[in-house]
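Trainee: Can we walk through this one together? I'd like to go contact by contact.

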Amino acid sequence: MANGARLALAEAGGRAGGLRIEAVYLDDTGGGPRWSPVASAANARRAAEDSSTIGYIGELDSGATRFSLPITNQAGIAHISPGATAVDLTRFVTDELDPDRYRPSGDQTFLRLVPDEE
């Protein structure tokens, strides 16, 4: 995924909408073979604490997104996922699977690039 983002940015001359874009690539595995809740949240906090952040291309896994999305949402950062397909990230399923728990700001800031699981 990171290589695809690098290629797309290079092909666009490092610009989007006339603005120069500097991408920061973070690893949500924490050095392990799978995503880590600690690393996912830390990455989102890093993005949220950087005043130049305009967007967050998030994790492939819905589980990791559940940790990072509330953080980016509270910071008002657009959060885009190329693979998080869990329905509860965007739609009400049950009281325990309510998308509002990922939207502490009250605004929808999450977009996925693939269809959800249903």
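**Salt bridges and rings**

Mentor: Let's start with D88, which counts as buried at 3% relative accessibility (buried is under 20% relative accessible area, exposed over 50%, partly exposed in between, with a 1.4 Å probe and protein chains only). Keep in mind that this is a predicted model, where local features need pLDDT of at least 70, side-chain atom pairs count only at pLDDT 80 or more, and totals for chains, interfaces and linings use all residues. Residues are numbered from 1 along each chain as its sequence is written, and side-chain values use heavy atoms, with hydrogens and water left out.

Trainee: Which residues are linked with D88 in a network of salt bridges?

Mentor: D88 also meets R101 through their side chains, at 3.8 Å from N to O. Both of these lie in the loop between β4 and β5, so that pair ties together parts 13 residues apart in sequence. Linked with D88 in the network, then, are R66 and R101.

Trainee: What is the N to O distance in the salt bridge of D100 with R103?

Mentor: Look at the cover on each side: D100 is partly exposed at 46% relative accessibility, whereas R103 is buried at 17%. Their closest N and O atoms are apart by 3.3 Å.

Trainee: Switching to rings, what angle lies between the planes of W35 and F67?

Mentor: Rings of Phe, Tyr and Trp (its six-membered ring) pair if their centres lie within 6.5 Å, and planes under 30 degrees apart count as stacked, over 60 as edge-to-face and the rest as tilted. The structure holds one aromatic pair. W35 and F67 sit 6.0 Å centre to centre and are tilted, with an angle of 45 degrees.

Trainee: How many residues apart are W35 and F67?

Mentor: W35 is in the loop between β2 (19-20) and α2 (37-49), and F67 is in helix α3 (residues 62-74). The pair links distant parts of the chain, and the separation is 32 residues.

Definitions and conventions
Helix = DSSP H or I, 4+ residues; strand = E, 2+ residues; numbered from the N terminus. Salt bridge = Lys/Arg side-chain N within 4 Å of Asp/Glu carboxyl O.
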